[in-house]
Amino acid sequence: MLTSQTEVLAQVFKALDFAADKHKKQKRKGKNEIPFINHPIMVAQVLTEHGDIDDPVILIGAILHDVIEDTETSNEEIAGMFGQEVVDLVLEVSDDKSLCKADRKEQQVITAPTRSDRAKNLKIADKICNVLDMVRFPPDWSLNRKIEYVDWSEAVVQGLRGVNPKLEKHFDETVAYVRNRLQS
Ligand code: ZN
């Protein structure tokens with residue numbers, strides 16, 4: 001349990017250093033060559049700015065949310081450095097890699113309502129960032145595929161609602177903005 005604000009900040013910076021190192025060889029999709037680490041940083045930023053979140057487990061979990069899914073990182077490694085609550089949260093928002101891509105996407109829609117409040121907040125912020133990236137750092141996809149991605153993100157978030165009205169409103173505004181930009 002983190003008590004002082006200094007201790008929380010120390011853990012946050014430790015998580016940033018850890019995740020930046022784990023993701024060092026990855027870039028975000030799209031031709032802008034954005035380092036992957038910018039994505040988890042932005043998710044944590046959206047949680048604070050648009051979700052009023054100050055729970056260190058959620059913020060550290062946001063910074064680490066893709067390390068198990070996308071890098072060679074074990075649950076034990078995270079548990080040892082950041083505690084069991086953080087691992088549990090990261091696992092909750094990680095896809096089951098044994099499933100194919102289409103099944104993983106379907107599972108996200110099905111399991112969304114069963115997630116903890118912490119995981120729901122993190123997932124909504126993750127979807128806000130991913131939807132915004134469709135126009136901020138556009139992947140090399142057809143317009144249709146981008147629209148389908150936004151539709152799917154909305155279906156997932158539908159099952160996550162009821163935990164953070166402010167963050168949910170920001171998701172809706174982001175979707176409206178992105179749909180508008182995609183159509184123009
Ligand atoms: Zn993510």
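Modeller: The lining of the largest pocket divides into 16 charged residues (Asp, Glu, Lys, Arg), five nonpolar (Ala, Val, Leu, Ile, Met, Phe, Trp, Tyr, Cys, Pro) and five polar (the others, Gly among them). This is a predicted model, where local features need pLDDT of at least 70 and side-chain atom pairs 80 or more, while totals for linings use all residues. Residues are numbered from 1 along each chain, and side-chain values use heavy atoms, without hydrogens and water.

The pocket has a volume of about 740 Å³ (an open set of points on a 1 Å grid where a 1.4 Å probe fits, with protein on both sides within 12 Å along at least five of seven lines; lining residues have an atom within 4 Å of a point; the volume is the space filled by the probe spheres). Of its 26 lining residues, Lys29, Glu69, Lys101, Asn130 and Tyr149 are the closest to the centre. Two or more lining residues come from each of α4, α7, α8 (117-136) and α9 (143-158) (helices are DSSP runs, H or I, of at least four residues).

Helix α7 spans residues 101-111 and includes Thr111. Thr111 is buried, at 18% relative accessibility (buried means under 20%, with a 1.4 Å probe and protein chains only). The side chain of Thr111 makes a polar contact of 3.2 Å with that of Arg115 (N or O atoms within 3.5 Å, one able to donate a hydrogen and the other to accept it).

Technical notes: Buried means under 20% relative accessible area, exposed over 50%, partly exposed in between (1.4 Å probe, protein chains only).
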